[in-house]
Amino acid sequence: MNPHTHFAQLARYNVWATRRLLDAVAALPEADYRRDLGLFFKSIHGTLNHLLVGEHFLWFARFARGQSPTVALDSEVEPDRARLAQALKGGAANWLALIEGWPAERFDGVLSYTTMRGTPATLPFAATLAHVFNHGTHHRGQISAALTALGRPCPELDLVYCLQEEARA
């Protein structure tokens with residue numbers, strides 16, 4: 001399998017699913033959006049901030065610039081919900097250009113970085129990149145469950161729906 005094709009698809013899915021979920025979240029009243037719903041990062045807002053921290057402040061910096069920033073996983077890096085949504089959408093879009101710019105052999109290499117605890121780490125590049133997209137899927141699933149618990153509509157976010165939409169386009 002061509003790694004560019006595979007990971008570009010995951011990046012496009014990440015953009016698609018992020019936009020669909022944020023559209024559903026936008027309809028929430030502020031109280032529900034910020035309410036502690038028992039999620040790992042408490043609220044939908046807290047979980048979205050965690051996604052921004054994890055995918056964009058940490059992993060993107062590691063993959064794109066070889067940097068190992070330190071920021072707490074539960075940091076509220078963007079308190080404003082509209083700006084947070086825009087940052088998530090823009091950040092998701094950045095992955096595709098990054099992936100397309102890598103030579104194919106890069107995917108067979110390793111990613112070396114320093115963990116949040118200050119420990120050096122070296123992991124398989126492709127598997128770690130897969131983790132980034134899997135992580136987003138995991139937390140979007142938590143938010144989907146929270147929307148359902150609130151009695152709100154939740155969009156279909158399965159990859160196959162993204163693939164079907166791309167096939168129709």
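Helices here (H or I, at least four residues) are DSSP runs, numbered from the N terminus, and a polar contact is a pair of N or O atoms within 3.5 Å; within protein, one must be able to donate a hydrogen and the other to accept it, and residues adjacent in sequence count only if both atoms are side-chain atoms. What you're looking at is a predicted model, where local features need pLDDT of at least 70 and side-chain atom pairs count only at pLDDT 80 or more, while totals for chains, interfaces and linings use all residues. Residues are numbered from 1 along each chain as its sequence is written, and side-chain values use heavy atoms, with hydrogens and water left out.

**View 1. The start and length of helix H1.** Asn2 caps the N-terminal end of H1, with a side-chain oxygen 2.7 Å from the backbone nitrogen of His4.

View 2. Ala24 sits in helix H1 and is buried, at a relative accessible area of 18%. For this label, buried means under 20% relative accessible area, exposed means over 50%, and partly exposed is in between (1.4 Å probe, protein chains only). Setting aside neighbours within four places in sequence, Ala24 is in contact (heavy atoms within 4.5 Å) with Leu147, Pro153 and Pro155. Glu76 is 52 residues from Ala24 in sequence, and their C-alpha atoms are 21 Å apart.

**View 3. Where H1 meets H6.** Two packed helices are described by the angle between their axes and the distance between the axes. Here the axes of H1 and helix H6 (residues 159-168) come within 10 Å and cross at roughly 100°. That makes H1 roughly perpendicular to H6, a label that covers 65 to 115 degrees; under 35 counts as roughly parallel, over 145 as roughly antiparallel and the rest as oblique. The axes are lines fitted to C-alpha atoms, for helices over the stretch in contact, and angles run from 0 to 180 degrees between N-to-C directions. On the H1 side the contact includes Tyr13 and Trp16, and on the H6 side it includes Tyr161 and Leu163.

View 4. How many disulfides does a search of the whole structure find? The search finds zero. Cys154 is in no disulfide, and its nearest cysteine sulfur, that of Cys162, is 16 Å away. Is Cys162 buried or exposed? Cys162 is buried, with a relative accessible area of 1%, whereas Cys154 is partly exposed at 31%.

View 5. Arg81 belongs to helix H4 (residues 81-100) and counts as buried at 19% relative accessibility. The side chain of Arg81 reaches the backbone oxygen of Leu28 at 3.1 Å. Beyond residues up to four places away in sequence, Arg81 touches several others, among them Val25, Pro29, Glu30 and Tyr33.

View 6. Look for His56 in helix H3 (residues 44-65), where it is buried with a relative accessible area of 11%. A 3.5 Å polar contact joins the side chains of His56 and Glu55. Leaving out residues up to four places away in sequence, His56 touches partners including Leu88, Gly91 and Trp95.

**View 7. Along helix H5.** Gly136 is part of helix H5 (residues 125-149) and is buried, at 0% relative accessibility. Not counting residues up to four places away in sequence, Gly136 touches Leu51 and Glu55. Ala145 also lies in H5, but it is partly exposed at 47% relative accessible area. The C-alpha atoms of Ala145 and Leu39 are separated by 9.5 Å, though these residues are 106 apart along the chain. Just after H5, Gly151 takes a positive phi of about 75°.

**View 8. Lys42 in a loop.** Most residues other than glycine have a negative phi. Lys42 is not a glycine, yet it has a positive phi of about 70°. Lys42 lies in the loop between helix H2 (30-34) and H3, and it counts as exposed at 52% relative accessibility.

Terms used. Helix = DSSP H or I, 4+ residues; strand = E, 2+ residues; numbered from the N terminus. Disulfide = S-S within 2.5 Å.
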